[in-house]
Amino acid sequence: MIQIQGIHKWFGQNHVLQGVDLTIKEGETLVIIGRSGCGKSVLLKHIIGILEPEEGDIKIDGRSVRTMPQGEQDQFRLQLGMLFQGAALFDSLTVRENVGFSLYEHTKLSEEVISQKVREKLGLVGLRDIENLMPASLSGGMKKRVGLARAICSEPKIILYDEPTTGLDPINADVINDLILRMQEQLKVISIVVTHDMTSAYKVADRIAMLYDGKIIGVGTPDEIKNSKDPIIQQFITGSARGPITDQEKKETELL
Amino acid sequence: MTHWQNMKKWVSVRSWLKEFGRLSLDIFQGAGGIALLFRDTCSLLLEGKIRWKATISQMNKIGVTSLPLVFLTALFTGMVLALQSAYQLRLFAAEKFTSDLISVSLCRELGPVLTAMVVAGRVGASIAAELGTMKVTEQIDALKALATNPIRYLVIPRFIAALFMLFILTIYADCIGMFGGYLISVFKLGMSSHMYIKRGIDALVVKDVVTGLIKAFFFGGFISIVGCYFGFNARGGAEGVGRATMLAVVVSLILVISSDGLFSAIFYFF
Ligand SMILES: Nc1ncnc2c1ncn2[C@@H]1O[C@H](COP(=O)(O)OP(=O)(O)OP(=O)(O)O)[C@@H](O)[C@H]1O
Ligand SMILES: [Mg+2]
């Protein structure tokens, strides 16, 4: 279980997270939606502990990563896997070394066992025979999938996906959606998915949360969100250019 | 209108103060950040678990590939030093001291400082650019997410490699510089080969060599830590990486030159 309690984050003058509260239950897939630049990626980085909040706390299974000693922190981090928005592959390493990174670094498994696992994870995301390539020679969508293979390689219990289907063709996007569902059914992992793709959101989500103005303004099952009375949520999920979100922005630009 | 505003910016005391304040903040923040990175690096180093494979490959990158450049710099410095000092010493009919002068000034000063400057330009820049690119493409974040300490993974191999390689490059530069001086003294100034070598070596005392090598050690540390610091703190895209690279070279040069002054003062008294 992940408990996010009132976290605030500033980047200089920019108050990105303004008190986010969210609880993610065991074995649940939560989809986070929100406008571009509202802080979704920042929120994921807080959960995995790359960024630290100025206020508030994040507890995973009742424990806060920040208060752990360094050695334990690393062990704890291995239970989380994250797919970065831009894939963030190590460009000096081959695909095999990228995907198997945590195994090479943190286990004493033999080269063959690791290669075997790497091949298996690449298979899960629909890729094969690319282990010896460098990331620079992959297409954008392939990079994304290699990033996903790397995130799941250490068999984490919590997986964070930052826009897993953006930039993929519709077929591969659905392969990834299926993968997210399968991971949850078979391994009972907690998944947190950030996406702009509402089809994918409805398909994989147990619950959907909307981040707006640095706060979570609504959480609910896909049906609850679809039938939400909140005009902001309605405007977002129907993808309309007119509504309270754009009105607010217009007012702000006029004030300037 | 905008022209007037630009003018105003330059006359207003307030904007001067603002600039000054920002500059001081930047300087102190940088100094503090570099010191903290140095502390973290040392404490991780003491914990052990050094990645030797990466360290060796960095040694190759930092040391071996710098050999040609250091060779050229040292050779010509030695030659020029021989010519210029012979020109002055001739006034006192003391040309035979040329080789004393070359070996002492190379070992104490020029060897370590010139090597450090060449390496700062070449290696400091490449470290900052490499880590800066990793930072802006989120690869550093990815390292943390994969439970790997970026300092252990990236900084320590570069730090150790730079320490050892500057040490070795400095010895190499000392030798090459003396060889350059030899070429000029023997073939141009008509000194005997035996005389040049004998005088050159007799003039050196242990302190000359040791102080030069101590400096080299420190310069290696400065260059690698400063390069890593600015790389880690790059932000934005290509422009940010360019800025980080520039700052890394400038700051390591400043550190090398100013600490050289400090060391010379200290070694002068002890
Ligand atoms: N390292 C950082 N330094 C300064 N500002 C940052 C940093 N990371 C993010 N921000 C700012 O935080 C805000 C939220 O960024 P974030 O990347 O979380 O957006 P997002 O919701 O993921 O958007 P998108 O859907 O486009 O990916 C942005 O205004 C961004 O400028
Ligand atoms: Mg994002």
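Reader: In what order do the 4 strands of the open sheet in chain A run?

Author: The order is S2-S1-S4-S5 of chain A, and the pairing is antiparallel. S2 (14-24) and S5 (63-64) of chain A are the edge strands, each pairing on one side only. Keep in mind that this is a predicted model: local features need pLDDT of at least 70, side-chain atom pairs count only at pLDDT 80 or more, and totals for chains, interfaces and linings use all residues. Residues are numbered from 1 along each chain as its sequence is written, chains are lettered from A and ligands numbered from 1 in the order in which they are written, and side-chain values use heavy atoms, with hydrogens and water left out.

Reader: What counts as a strand, and when do two strands pair?

Author: Strands (E, at least two residues) and helices (H or I, at least four) are DSSP runs, numbered from the N terminus. Two strands pair if DSSP finds at least two bridges between them.

Reader: How many bridges join S1(A) and S2(A)?

Author: There are 8, in the antiparallel sense. One of the partner pairs is Ile4(A) with Leu22(A) in S2(A). The two strands form a hairpin with 2 residues between them. In its turn, Gly12(A) has a positive phi of about 65°.

Reader: And how many bridges does S1(A) have to S4(A)?

Author: 5 bridges join S1 (residues 2-11) to S4 (residues 55-60) of chain A, again antiparallel. Gln3(A) has Lys59(A) as its bridge partner in S4(A). Gln5(A) has Asp57(A) there.

Reader: Where do side chains point in a strand?

Author: In a regular strand they alternate between the two faces of the sheet.

Reader: New topic. Which domains is chain A divided into?

Author: Domain 1 covers 2-79 + 160-255, and domain 2 covers 89-155. These bounds come from an automatic or database domain assignment. The C-alpha centres of the two domains of chain A lie 26 Å apart.

Reader: How many residues are in contact between them?

Author: 14 residues of domain 1 of chain A are in contact with 10 of domain 2 of chain A. Contact means heavy atoms within 4.5 Å.

Reader: How much area do they bury?

Author: The two domains of chain A bury about 1,000 Å² between them, 69% of it on carbon and sulfur atoms. Leu78(A), Leu168(A) and Leu179(A) supply 39% of the area that domain 1 buries against domain 2, more than any other three residues. Buried area is the accessible area (1.4 Å probe) that two parts lose on being put together, summed over both.

Reader: On to chain B. How many helices and strands does chain B have?

Author: Chain B has 10 helices and 0 strands. Its C-alpha trace spans about 65 × 55 × 35 Å along its principal axes.

Reader: How much area do chain B and chain A bury?

Author: About 1,500 Å² between them, 56% of it on carbon and sulfur atoms. 15 residues of chain B are in contact with 21 of chain A.

Reader: How many salt bridges are there between chain B and chain A?

Author: The count is 3. In one salt bridge, Glu105(A) joins Arg51(B), with the closest N and O atoms 2.8 Å apart. Chain B and chain A also have 7 residue pairs in polar contact, both residues at pLDDT 80 or more. Helix H6 (residues 139-145) of chain B gives the largest share of the side that touches chain A, 6 residues.

Notes. Salt bridge = Lys/Arg side-chain N within 4 Å of Asp/Glu carboxyl O. Polar contact = N/O pair within 3.5 Å; in protein donor to acceptor, adjacent residues only side chain to side chain.
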